[in-house]
Amino acid sequence: MVDVLEAGGWGLLAGSALLLGAVLGYTLRIPHQVVASVMAFGAGVLLSAVSFELALEAYDRSGMPPLVLGTVAGAAAYTAGNVLLARRGARHRKRSGQVRGRSQPSEGQQAGSGLALALGALLDGVPESAVIGLGTAEGGAVSAVTVAAVFISNVPEGLSSSAGMRGAGRGKGYVFGLWGSIAAASMVAAAVGSAVAGALPASAVAAVTAVAAGAILTMVADTMIPEAFEEAHQAVGLIVVAGFLVSFALSRA
């Protein structure tokens, strides 16, 4: 039980970065190139974390078949959820709204888009937080690297998305309430991940970790990279690499 509560606390810490980013994105007028740069850094961080923390851990625990099956399953599940929510107004949920034709709709423009945005934020946040708890499998401790990677990547996610919500006319109560709720959901997801890790054999934990890795990798490709690269400066690729290397350095420290 102590491990579960500890994992939940770390999940809440990582999820709180979404609220921090939301405050910055909603209250400040941040240039699009800065938003894109921060998002690119976060994308690089997550790409590294998936490679050297999640995929490698799943492979070491149970070999290639569970890794492949789990990763594909996670990618497929995320894609299905993302497609469904995109049709209801959440396609551009991580966009800051500064690119014409790539902004979030208001409730008047598309009824139900507010709920879709909330569910989209939940879809994006749960896999990231669950892996924090999964690291406790077989008596292990919560991975500080995973917590750091999720925290770092959550700041630009909350920042860009809340800027887009402000542009769509959504108020502070909706924006901050949404990200506060997702932070709480992150705590629950991490606690559940820890409970699962303690109840399942190593091969099953590896498969679940791979599912989360596939979902996160697909999320990066579908929602973070488009915002990072669209109408951004030419150094964005270098910023992605910088984020990748920072996360890699943390994993090797």
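1. Basis of the model. The structure is a predicted model, in which local features need pLDDT of at least 70 and side-chain atom pairs count only at pLDDT 80 or more, while totals for chains, interfaces and linings use all residues. Residues are numbered from 1 along each chain as its sequence is written, and side-chain values use heavy atoms, with hydrogens and water left out.

2. Overall fold. The protein has eight helices and zero strands, where helices (H or I, at least four residues) and strands (E, at least two) are DSSP runs numbered from the N terminus. Read along the sequence, the pattern is accordingly α-α-α-α-α-α-α-α. Among the contacts with a separation of 6 or more, 86% join residues 24 or more positions apart, a contact being heavy atoms within 4.5 Å.

3. Burial and surface. Of the 253 residues in the protein, 49% are buried; buried stands for under 20% relative accessible area, exposed for over 50%, and partly exposed for what lies in between, with a 1.4 Å probe and protein chains only. The protein exposes about 10,600 Å², and carbon and sulfur atoms supply 69% of that area; accessible areas come from the Shrake-Rupley method with a 1.4 Å probe, and for residues only the protein chains shown count as cover.

4. Rolling a probe the size of a water molecule over the atoms shows where empty space is left. On a 1 Å grid over the protein atoms alone, a cavity is a set of points where a 1.4 Å probe fits but cannot get out, whereas a pocket is an open set with protein on both sides within 12 Å along at least five of seven lines, and lining residues have an atom within 4 Å of a point. Grid points are joined across faces, edges and corners, and a volume is the space filled by probe spheres set on the points. The largest pocket holds about 250 Å³ of space, and of the 17 residues that line this pocket, Val 126, Pro 127, Ala 130, Val 211 and Ala 212 are the closest to its centre. At least two lining residues come from each of α3 (64-90), α4 (113-134), α6 (172-199) and α7 (202-229). By class, the lining has 15 nonpolar, two polar and no charged residues, where Ala, Val, Leu, Ile, Met, Phe, Trp, Tyr, Cys and Pro count as nonpolar, Asp, Glu, Lys and Arg as charged, and the others, Gly among them, as polar.

5. The second largest cavity. A search of the whole structure finds two cavities of 30 Å³ or more, and the second largest cavity has a volume of about 60 Å³. Residues that line the second largest cavity include Leu 46, Val 50, Glu 53, Val 131, Thr 146 and Ile 216. Both α2 (32-62) and α5 (144-167) supply at least two residues of this lining, and α2 gives the most, with five residues. The lining is made up of eight nonpolar, one polar and one charged residues.

6. Val 35 is in helix α2 and is buried, with a relative accessible area of 3%. Val 35 and Leu 159 are 124 residues apart in sequence, yet 7.6 Å apart in space, C-alpha to C-alpha. Pro 156, found in helix α5, counts as buried at 3% relative accessibility. Leaving out residues up to four places away in sequence, Pro 156 touches Val 38, Met 39 and Gly 42, and its C-alpha is 8.4 Å from that of Phe 41, which is 115 residues away in sequence.

7. Asn 154. This residue of helix α5 counts as buried at 1% relative accessibility. Apart from neighbours within four places in sequence, Asn 154 is in contact with Ala 14, Gly 15, Ala 17, Leu 18 and Glu 128.

8. The whole structure contains three aromatic pairs; rings of Phe, Tyr and Trp (its six-membered ring) pair if their centres lie within 6.5 Å, and planes under 30 degrees apart count as stacked, over 60 as edge-to-face and the rest as tilted. Phe 52 and Phe 244 form an edge-to-face pair, 5.8 Å centre to centre with 70 degrees between the planes, and this pair links Phe 52 in helix α2 to Phe 244 in helix α8 (residues 236-252), 192 residues apart. Phe 52 and Phe 248 also form an edge-to-face pair, at 4.7 Å centre to centre and 65 degrees between the planes. Because Phe 52 lies in helix α2 and Phe 248 in helix α8, this pair ties together parts that are 196 residues apart in sequence. Ring pairs link Phe 52, Phe 244 and Phe 248 into a cluster. Phe 52 is partly exposed at 26%, as are Phe 244 at 27% and Phe 248 at 30% relative accessibility.
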